[in-house]
Amino acid sequence: MIIVMKEGASQAEIDRVMELLKSKGLGAHLSVGVETTVIGVIGAKEKVHELGIETLPGVEKLVTVSYPFKLASRPFHPDDTQIEIRGHVVGGPEPTLIAGPCSVETREGLLEIAHAIKRSGAHMLRGGAFKPRSSPYSFQGLGEEGLKYLAEAREETGLAIVSEVMEPGLVPLVAEYVDVLQIGARNMQNFPLLKAVGRTGKPVLLKRGFSNTIEEWLMSAEYIMAEGNPNVILCERGIRTFETYTRNTLDLNAVPVVKHLSHLPVLVDPSHGVGHARYVMDMARAGIAAGAHGVIVEVHKDPTQAWSDGNQTITLETFDELARQVRAIHQVMRQFEPAVSLA
């Protein structure tokens, strides 16, 4: 349930509602929009009605939220969430470009990639220091050494750093080095991990599990937000279907659906979505045309020599062209961006 405050409601009136809810053991989350201030209530809606909150000064109305996810829902936060990370706004007026190798390999190689994508207009450098691999015999990542290389790349280029964290015990270590904590597809429903990253307050890039529904994905976002962290970035990275020619099927349906259901920014990952470098450009363009706020792709100086996921990794030259086209398509699509409907 959400409580919609009247336009011009005073801070004292808002505080009174918040304090009353908390005194009765109900969760209260304040969301201040451009035109509307709402208070999300977590708990039994019967309790809310018993309090007579709709009669309090400054309260416009009570609205029941039918979605199982509350904090992530569009009714709770009618305005799009924007997350500032090192001067760039995810969900803002320009598309977010995140690029880098699947795995952090060598210091020199990472720095070369970082400088190249920076010149192409990237905002963030991605790279795995801890890698969840299907085979226990595959390269598992450099660990903290890789995190140090990422931090050095940030110092040299100014790029924000995105890297995956795989278990709750590693959250403090990874959070010490990176700007954005990534939750990979395999960990989308690792609830202790979601709670742990939620408590850091750092931005979280939440990838959709390859066998999960949109509702399950948004419920995972809810776990993070319920810990007091509103800085969640959703990422559609492909789902498992009967098609075997591509690694996954990039579910572009999810982009407009999520933008209707939720206020959180959403990116697409065409690298994992298709699994073949030759199709990454096409699906990056399609993702932006579908309304995504940006893309995250895997790049390498020489994909044939990449330590992991070389088949889906594009070259630095291809990324330069991809970045140009993504910006151009995003600029065109902004002219046709429909007003968000809560219906």
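The model is predicted: local features need pLDDT of at least 70, side-chain atom pairs count only at pLDDT 80 or more, and totals for chains, interfaces and linings use all residues. Residues are numbered from 1 along each chain as its sequence is written, and side-chain values use heavy atoms, with hydrogens and water left out.

**Strand β11**
- Strand β11 spans residues 204–207. Helices (H or I, at least four residues) and strands (E, at least two) are DSSP runs, numbered from the N terminus.
- Val204 and Leu206 lie on one side, Leu205 and Lys207 on the other, and all are buried. Buried means under 20% relative accessible area (1.4 Å probe, protein chains only).
- In a regular strand, side chains alternate between the two faces of the sheet.

**Pairing**
- β11 pairs in the parallel sense with β10 (residues 180–183) over 3 bridges. Pairing requires at least two DSSP bridges between the strands.
- Leu181 stands opposite Val204 in β11.
- β11 and β12 (residues 232–236) also run parallel, joined by 4 bridges.
- Val204 stands opposite Val232 in β12.

**Crossovers**
- From β11 the chain crosses through helix α7 (residues 214–226) to β12, in a right-handed β-α-β crossover. Right-handed means that, with the strands pointing away from the viewer, the path from the first strand over the helix to the second runs clockwise.
- β10, helix α6 (residues 191–200) and β11 make a right-handed β-α-β unit.

**Domains**
- Domain 1 covers 2–63 and domain 2 covers 78–335; the bounds come from an automatic or database domain assignment.
- Their C-alpha centres lie 35 Å apart.

Methods. Buried means under 20% relative accessible area, exposed over 50%, partly exposed in between (1.4 Å probe, protein chains only).
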